[in-house]
Amino acid sequence: QLQASGGGSVQAGGSLRLSCAASGRTFGSYGMGWFRQAPGKESEFVAAINWSGGNTYYLDSVKGRFTISRDIAKNTVYLQMNSLKPEDTAVYYCAADSYGTVLRGTARYWGQGTQVTVSS
């Protein structure tokens, strides 16, 4: 089970840190990632990290602003979001599976969403 938290409402330029805590099984050997879905739009990939944290991949529009990281001991993945823009407004979901599967958006394990709202 994946539990996402940390969403909220901020003004443009602000920061939030999302967390996704895994329970019930260890995801230490899995890739993990974040996706988002804005109202009226399809879900899109945001960021992913492999099991060791040595490989990361980002949506072009968030590069340099968002950072994905993980704490294997805590079975938790984070998404630090800085310089937020109104277009970042969406429900954010975490996912876990093999790294490649996460990148393709076909992960088997998904958390519930957490709302991020950025006002101008």
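Guide: The protein has 11 positive and 7 negative side chains, and the centres of the two sets lie 6 Å apart.

Visitor: What makes a side chain positive or negative here?

Guide: Lys and Arg count as positive and Asp and Glu as negative, while His and the chain ends are not counted. The place of a charge is taken as NZ of Lys, CZ of Arg, CG of Asp or CD of Glu.

Visitor: What kind of model is this, and which conventions apply?

Guide: The model is predicted: local features need pLDDT of at least 70, side-chain atom pairs count only at pLDDT 80 or more, and totals for chains, interfaces and linings use all residues. Residues are numbered from 1 along each chain as its sequence is written, and side-chain values use heavy atoms, with hydrogens and water left out.

Visitor: Why is Gly-31 called buried?

Guide: Buried means under 20% relative accessible area, exposed over 50%, and partly exposed in between (1.4 Å probe, protein chains only). Gly-31 has 2% relative accessibility and therefore counts as buried. Across the protein, buried residues make up 44% of the 120 residues.

Visitor: Where does Gly-31 lie, and which residues is Gly-31 in contact with?

Guide: Gly-31 lies in strand E4 (residues 31–37). Contact means heavy atoms within 4.5 Å. Leaving aside neighbours within four places in sequence, the contacts of Gly-31 include Ile-49, Trp-51, Arg-70, Asp-97 and Val-102. The C-alpha atoms of Gly-31 and Arg-70, 39 residues apart along the chain, are separated by 9.9 Å. For the whole protein, residues 24 or more positions apart account for 56% of the contacts with a separation of 6 or more.

Visitor: How many aromatic pairs are found, and what makes Phe-35 and Phe-45 an edge-to-face pair?

Guide: A search of the whole structure finds six aromatic pairs. The ring centres of Phe-35 and Phe-45 are 5.6 Å apart and their planes are at 75°, so the pair is edge-to-face. Rings of Phe, Tyr and Trp (its six-membered ring) pair if their centres lie within 6.5 Å; planes under 30 degrees apart count as stacked, over 60 as edge-to-face and the rest as tilted. The pair links distant parts of the chain, with Phe-35 in strand E4 and Phe-45 in strand E5 (residues 44–49), ten residues apart. Ring pairs also link Phe-35, Phe-45, Tyr-57 and Trp-110 into a cluster.

Visitor: Are Phe-35 and Phe-45 buried or exposed?

Guide: Phe-35 has a relative accessible area of 5% and is therefore buried. Phe-45, at 14% relative accessibility, also counts as buried.

Visitor: Why is Gln-11 called exposed?

Guide: Gln-11 reaches 59% relative accessibility, so it counts as exposed. Gln-11 is found in strand E2 (residues 8–11) and touches Val-118 and Ser-119, not counting residues up to four places away in sequence.

Visitor: What makes the phi angle of Asn-75 worth a remark?

Guide: Asn-75 has a positive phi of about 55° although it is not a glycine. Asn-75 is placed in the loop between strand E7 (66–71) and strand E8 (76–81), and its 14% relative accessibility makes it buried.

Visitor: Why is Ser-83 called partly exposed?

Guide: The relative accessible area of Ser-83 is 41%, so Ser-83 is partly exposed. Ser-83 sits in the loop between E8 and strand E9 (90–97), and its phi is near 50°, a positive value in a residue other than glycine.

How values were computed: Helix = DSSP H or I, 4+ residues; strand = E, 2+ residues; numbered from the N terminus.
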